[in-house]
Amino acid sequence: MRSSSKYEEQLSTFSKNSRVVLVTGGAGFIGSHTVLVLLEQGYQVVVLDNLSNGSYEALTRVEKLVGKRLSFVKGDVRDQSLVTSIINKYKISDVLHFAGLKAVAESTLNPLQYYSVNIEGSLALLQAMVENSVKRFIFSSSATVYGENAKIPYREDSSRGTPSSPYGKSKAAVEQILEDLAQADDSWQICCLRYFNPIGAHNSGLIGEDPEGVPNNLLPYISHVAAGRYSKLNIFGGDYKTPDGTCRRDYVHVMDLAEGHVAALQNLVAGFDVINLGTGVPVSVREMVAAYEAVCGKEIAFEIAPQRAGDLPEFWSDCAKAKQKLSWEAVRSLKEMVEDTWQWQTKNPLGYHNEE
Ligand code: NAD
Ligand code: UD1
């Protein structure tokens, strides 16, 4: 990968014929795994990332794993003139938009920042695309857009609900903007992928999830307990109306997700669509703890703590649409998700920082 201090980044080995995909947020968790699969599939990739929560090292490792080069531009997705220059320079044909902020609790404390990055960022990107007649777009959405009252399993034909957090509202708002855009101009090809709970890591153990500070999400937190960095896990709520009293979620391997993006890209059609990416299988927090213990061979100490504000007792995906429209389904088991998470943790106890 070639990088320059400013915007310029050229990949000399681009061949003239293959599609050039702009991946915003490609240095982050899901983006980096998707970049890997895109390169493996023969796409040329340009990553735009401000590295606020991503790592240049992740992209270096992706290049090593695949044996191919990508282009990297350090910058903010809200910078429309930068995006325009990238689209022109690299002759971008397709955009995968991962760049955004994702910490739910933080979004309630700093909603303006979340609306700015997640909504203004999407608008700037879309406006730059309009200027340059690039109209193939895949958006990182979330199961959170179903809101609090949707029927389980979540199906794409139920309407968007009202998510409880500014984070969730920003995702629902961008989906609405995209729907309106496709309505106004039928030459757009737009797909919103609604992720359930992405976990796991590439099975090389070289790329994975590297949260800043104390992790908010379950798997990174359990990993740190298993690694001895924290003494115990707080399980948020043991009195939900679920089989074992703890929340149930649909955890999906990040490599399955990455492959889901390439399937979505290959099956993009005119108009606006939303597609769930999940496994359809609910797993409780206690089941996840047990699965992790089985893989790492250690006891995960935990305590039942009060419920976390905004948590829903349970939800999971109806996966029929992804199978029908993308010929995609998650194939990696819970055991593989946990094994790959643990391998990533043990090989990179400090995430990417030990090499930066
Ligand atoms: P991540 O934080 O690891 O990746 C996001 C990337 O975007 C980071 O590399 C970050 O540096 C970059 N970024 C942030 N603000 C930017 C800006 N203004 N300009 C340019 N780059 C910027 O998160 P992730 O888990 O890989 O999530 C990717 C996308 O998927 C996000 O939009 C997130 O909201 C969405 N999503 C994630 C989950 C999840 O559980 N991880 C679930 C549903 C949806
Ligand atoms: C959260 C967000 C969701 C977002 C996703 C990915 C909320 C309400 N939802 O999903 O919008 O798309 O992260 O960023 O925040 N848990 C514990 N102890 C912990 C951590 C988690 O018991 O230390 C439990 C939670 O209560 C939950 C489950 O583990 O039941 C999964 O939590 P988490 O990984 O944070 O994901 P979600 O809350 O499902």
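Buried denotes a relative accessible area under 20%, exposed denotes over 50%, and partly exposed denotes values in between (1.4 Å probe, protein chains only). The legends below describe close-up views of a predicted model, in which local features need pLDDT of at least 70, side-chain atom pairs count only at pLDDT 80 or more, and totals for chains, interfaces and linings use all residues. Residues are numbered from 1 along each chain as its sequence is written, chains are lettered from A and ligands numbered from 1 in the order in which they are written, and side-chain values use heavy atoms, with hydrogens and water left out.

View 1. H261 belongs to helix 8, residues 254-266; helices (H or I, at least four residues) and strands (E, at least two) are DSSP runs numbered from the N terminus. With a relative accessibility of 1%, H261 counts as buried. Its side chain reaches the backbone oxygen of L257 at 2.8 Å, a polar contact being a pair of N or O atoms within 3.5 Å; within protein, one must be able to donate a hydrogen and the other to accept it, and residues adjacent in sequence count only if both atoms are side-chain atoms. Apart from neighbours within four places in sequence, H261 is in contact with I30, T34, L96, F98, I138, L193, Y195 and L277, where contact means heavy atoms within 4.5 Å.

View 2. S122 is located in helix 5 and is buried, its relative accessible area being 2%. The backbone oxygen of N118 is reached by the side chain of S122 at 2.7 Å. When residues up to four places away in sequence are not counted, S122 touches H97, V117, F139 and V174.

**View 3. The buried residues of helix 3.** Within helix 3 (residues 80-90), the residues L82, V83, T84, I86, I87 and Y90 are buried. An α-helix has 3.6 residues a turn, so residues three or four places apart point the same way. The packing partners of the buried residues of helix 3 are strand 1 (20-24), strand 2 (44-49), strand 3 (71-74) and helix 5. Just after helix 3, K91 adopts a positive phi of about 55°.

View 4. D49 is part of strand 2 and is buried, with a relative accessible area of 7%. A separation of 6.4 Å is found between the C-alpha atoms of D49 and G26, which are 23 residues apart along the chain. The side chain of D49 reaches the backbone nitrogen of L51 at 2.6 Å. Leaving aside neighbours within four places in sequence, the contacts of D49 are G25, G26, A27, G28, F72, V73, K74 and G75.

**View 5. Salt bridges.** Side chains of opposite charge can pair when their charged atoms come close. The structure holds 21 salt bridges, each defined as a side-chain nitrogen of Lys or Arg within 4 Å of a carboxyl oxygen of Asp or Glu. In one of them, the side chains of D185 and K135 meet at 2.6 Å, N to O. D185 lies in the loop between helix 6 (166-184) and strand 6 (189-195), and K135 in the loop between helix 5 (111-131) and strand 5 (136-142), so this pair ties together parts that are 50 residues apart in sequence. D185 is partly exposed, at 23% relative accessibility. D157 and R155 also form a salt bridge through their side chains (2.6 Å, N to O); D157 is exposed at 58% relative accessibility, whereas R155 is partly exposed at 41%.

View 6. E175 and R160 form a salt bridge whose closest N and O atoms are 2.8 Å apart. This pair links distant parts of the chain, with E175 in helix 6 and R160 in the loop between strand 5 and helix 6, 15 residues apart. E175 is buried, with a relative accessible area of 0%, while R160 is partly exposed at 23% relative accessibility. A network of salt bridges links R160, E175, E179 and R194.
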